[in-house]
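The following paragraphs lead the reader through a protein model, from its overall make-up to its packing. Please keep the sequence and the structure in view while reading.

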Amino acid sequence: MLPFEMDDRKKIGLGLTAFGILFSFLGIIFFFDKGLLAMGNILFLSGVTLTIGLKSSMQFFMKRSNFKGTISFGSGFFFVVIGWPILGMILEAYGFIVLFSGFWPTLAVFLQKIPILGWVFQQPFIRSFFDGYRGKRVPV
């Protein structure tokens with residue numbers, strides 16, 4: 001199997017991740033509804049696990065450099081479940097930024113290649129911001 005090939009497991013994982021983001025967004029829109037936020041978290045984590053695999057997920061979340069983000073995201077999830085959604089979402093947002101900050105270079109390249117939106121991201125000021133991230137390795 002080629003690394004960029006999409007099998008059914010990865011397709012389901014991407015779908016679960018997208019639904020997790022959607023449910024989290026709806027949970028925030030509906031005044032921090034803890035049911036939607038918890039469902040969004042569960043779908044997001046299961047989607048990421050299915051997309052990159054269980055072993056890679058465990059290595060990513062248990063990496064020493066990602067402990068702060070993993071603990072923050074996990075404690076935020078716990079606070080959402082016990083009924084404190086605002087504090088939980090603040091902790092989750094911080095954990096998400098810490099965990100996935102290594103993916104910004106990949107996102108920057110992707111955004112620059114989108115036909116209409118890419119023009120905006122190729123402007124000198126914005127491009128100089130993204131060039132600082134170019135060449136860094138993705139953390140998975």
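Contact means heavy atoms within 4.5 Å. Helices (H or I, at least four residues) and strands (E, at least two) are DSSP runs, numbered from the N terminus. The model is predicted: local features need pLDDT of at least 70, side-chain atom pairs count only at pLDDT 80 or more, and totals for chains, interfaces and linings use all residues. Residues are numbered from 1 along each chain as its sequence is written, and side-chain values use heavy atoms, with hydrogens and water left out.

The protein has eight helices and zero strands. Its C-alpha trace spans about 45 × 40 × 30 Å along the principal axes. Among contacts with a separation of 6 or more, 54% are accounted for by residues 24 or more positions apart.

One helix pair deserves attention. Two packed helices are described by the angle between their axes and the distance between the axes. Axes are lines fitted to C-alpha atoms, for helices over the stretch in contact, and angles run from 0 to 180 degrees between N-to-C directions. Helix α2 (residues 34-52) packs with helix α4 (residues 67-82) at an angle of about 145 degrees, their axes being 9 Å apart. On the α2 side, Lys34, Leu37, Ala38, Asn41, Ile42, Phe44 and Leu45 take part; they meet Phe73, Phe77, Val80 and Val81 of α4. The residues of this contact divide into nine nonpolar, one polar and one charged (Ala, Val, Leu, Ile, Met, Phe, Trp, Tyr, Cys and Pro count as nonpolar, Asp, Glu, Lys and Arg as charged, and the others, Gly among them, as polar).

Burial comes next. Buried means under 20% relative accessible area, exposed over 50%, and partly exposed in between (1.4 Å probe, protein chains only). Of the 140 residues, 31% count as buried. A nonpolar core is a set of buried Ala, Val, Leu, Ile, Met, Phe, Trp, Tyr and Cys residues joined through side-chain atoms within 4.5 Å. The largest such core has seven residues, namely Phe44, Val48, Phe60, Phe61, Phe73, Leu99 and Phe100. Two or more residues of this core come from each of α2, α3 (54-61) and α5 (85-100).

Phe61 touches Leu45, Asn66, Phe67, Thr70 and Leu99, leaving aside residues up to four places away in sequence. Is Ile21, by contrast, buried or exposed? Ile21 lies in helix α1 (residues 8-29) and counts as exposed because its relative accessibility is 52%.
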